[in-house]
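Thanks for passing this one over.

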Amino acid sequence: MNSSLRSDANTIIERSIQAVLPDEAVRRALSGRKFSGRVLLVAAGKAAWQMASAAAAQLGDGLSAGVVVTKYDHVKGDIPHCTCYEAGHPVPDENSFAATQAALDLVKDAGEGDTVLFLLSGGGSALFEKPLVSGEELQNITGQLLACGADIVEMNTLRKRLSAVKGGRFAQLCAPAKVFAVVLSDILGDPLDMIASGPACPDSSTCAQALAVVEKYHLTLSDAAMECLKQETPKQLDNVETQITGSVRQLCAAAAQVCRQLGYEPVILTDQLCCQAKEAGSFLASIVKTHARPEHPMAFIAGGETVVQLTGKGRGGRNQELALAAAEGIAGMDNAAVFSVGSDGTDGPTDAAGGYVDGSTRAALLAAGLTVHGVLAENDAYHALQKTDGLIVTGPTGTNVNDVALALVR
């Protein structure tokens, strides 16, 4: 392994993620804002603890009470006036449902002069949930969607219709109180109604689109679930004000700035990456080969969210698979590396945030009796990268603004 390239990769990851943490963004959103009645805080998503902690510090005793629901191992301590819950992601569990009910109990008596401060980040679709079907069926449908390769917009088009809080329904339940929503975007283009399935946003998707997703991926739903898909969601909400903060575009810009500081010329290829993970990895490897001997170090940056279609039974995530897919193309090169990382610090059902490969990775895999193609077919990037010291482990970061992948060439 090229230790110098790996060191640069680690620096880029650490500093880029630091630049998109939501703390300052939440403080900016609340700066100078006056609330007349009670302020009830509801925070949901992978960055919920970080966002709620910043809000509580800003509001002090102006915060009446709050409920925070985030992913397991993401609560980093007590927050004044708030009760914190940890729950299932990417598949909702009983803790998701219990925490969401606690949030609904908090806001059910909110009056016209009160404000619900709603802090939302990616992962909220699983963490903030009151299903209209059984929890078991909701978990089954979520599992089907994850396995078939559906993108996040398709997934949320279905999930919001199977929920009592998604697709604008949470804001409806808060009325007549005002809802001030601060949203950390994890979806390309920042579509408000799709981020965490839009609990406080009018829904732009239709029943027909939801039914088309079922047909496209041959999903199996009960009659009760199919009936839910035919019930239209709120198309107008008059009690909501929303502020978006953070996005993959900012993450790419932050990565470019760090690369420049390290002596690379950065090129942002896209902040709208949305293909199969292994295709993205192969594409980045192709770019490396085109610029195999640059006049000066270069960094090619792609932000977005890829998908993985499961064909095997291994462990991994989209970022690990993206990186591993590049290993074949850059094999033997002593001046190049490709890595990809999820800004939230988790990649699929693993403890890794992403993966790193360089010109030595393929040879190391072959020495262990593995091939890149075979590992990808089994979707077992985690164990393969573990053998080559290619796992990127950051722990929970407190933010969630999609993924960023880089190809470095010296």
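This is a predicted model: local features need pLDDT of at least 70, side-chain atom pairs count only at pLDDT 80 or more; totals for chains, interfaces and linings use all residues.

1. The protein has 16 helices and 12 strands. Its radius of gyration is 22 Å, close to the 22 Å from the globule rule for 410 residues, so the protein is as compact as a globular protein of that length. Along the principal axes, the C-alpha atoms fill a box of roughly 65 × 50 × 30 Å.

2. The accessible surface is about 15,900 Å², and carbon and sulfur atoms hold 49% of that. If you take the contacts between residues at least 6 apart in sequence, 81% of them join residues at least 24 apart.

3. The largest pocket has a volume of about 1,100 Å³. It is lined by 50 residues, and Leu146, Met155, Glu305, Thr306 and Arg318 are the closest to its centre. Two or more lining residues come from each of helix 5 (124–127), helix 6 (135–148), helix 7 (152–159) and helix 13 (318–327). Helix 7 gives the largest share, five residues.

4. What is the make-up of the lining of the largest pocket by class? There are 18 nonpolar, 19 polar and 13 charged residues in that lining.

5. The second largest pocket holds about 190 Å³ of space. Its lining consists of Asn10, Ile13, Glu14, Ile17, Gln18, Leu21, Ile392, Val393, Thr394 and Thr397. Helix 1 (residues 3–19) contributes the most here, with five residues. By class, this lining splits into five nonpolar, four polar and one charged.

6. Two cis peptide bonds deserve a look. One runs from His89 to Pro90, with omega near 10°, and Pro90 sits in the loop between strand 3 (82–87) and helix 4. Another runs from Ala175 to Pro176, again with omega near 10°; Pro176 belongs to the loop between helix 8 (169–174) and strand 5 (178–184).

7. Asn379 has phi near 50° and is placed in the loop between helix 15 (372–377) and helix 16 (381–387). With a relative accessible area of 5%, under the 20% cut-off, Asn379 is buried. For Asn402, phi is near 70°, and this residue lies in the loop between strand 11 (391–392) and strand 12 (403–409). Asn402 counts as buried too, at 2% relative accessibility.

8. Is Gly123 buried or exposed? Its relative accessibility is 11%, so Gly123 counts as buried. Gly123 is found in the loop between strand 4 (115–120) and helix 5. Apart from neighbours within four places in sequence, Gly123 is in contact with Gly45, Lys46, His89, Asp186 and Asn400. His218 is 95 residues from Gly123 along the chain, and their C-alpha atoms are separated by 25 Å.

9. Finally, Glu94. This residue lies in helix 4 (residues 94–107). Its relative accessibility is 57%, over the 50% cut-off, so Glu94 counts as exposed. Between the C-alpha atoms of Glu94 and Pro199, 105 residues apart along the chain, the separation is 19 Å.

Key. Residues are numbered from 1 along each chain as its sequence is written. Side-chain values use heavy atoms; hydrogens and water are left out. On a 1 Å grid over the protein atoms alone, a cavity is a set of points where a 1.4 Å probe fits but cannot get out, and a pocket is an open set with protein on both sides within 12 Å along at least five of seven lines; lining residues have an atom within 4 Å of a point. Grid points are joined across faces, edges and corners, and a volume is the space filled by probe spheres set on the points. Helices (H or I, at least four residues) and strands (E, at least two) are DSSP runs, numbered from the N terminus. Ala, Val, Leu, Ile, Met, Phe, Trp, Tyr, Cys and Pro count as nonpolar, Asp, Glu, Lys and Arg as charged, and the others, Gly among them, as polar. The radius of gyration is taken over C-alpha atoms; the globule rule is 2.2 Å times the number of residues to the power 0.38. Contact means heavy atoms within 4.5 Å. Accessible areas come from the Shrake-Rupley method with a 1.4 Å probe; for residues, only the protein chains shown count as cover. Buried means under 20% relative accessible area, exposed over 50%, partly exposed in between (1.4 Å probe, protein chains only).
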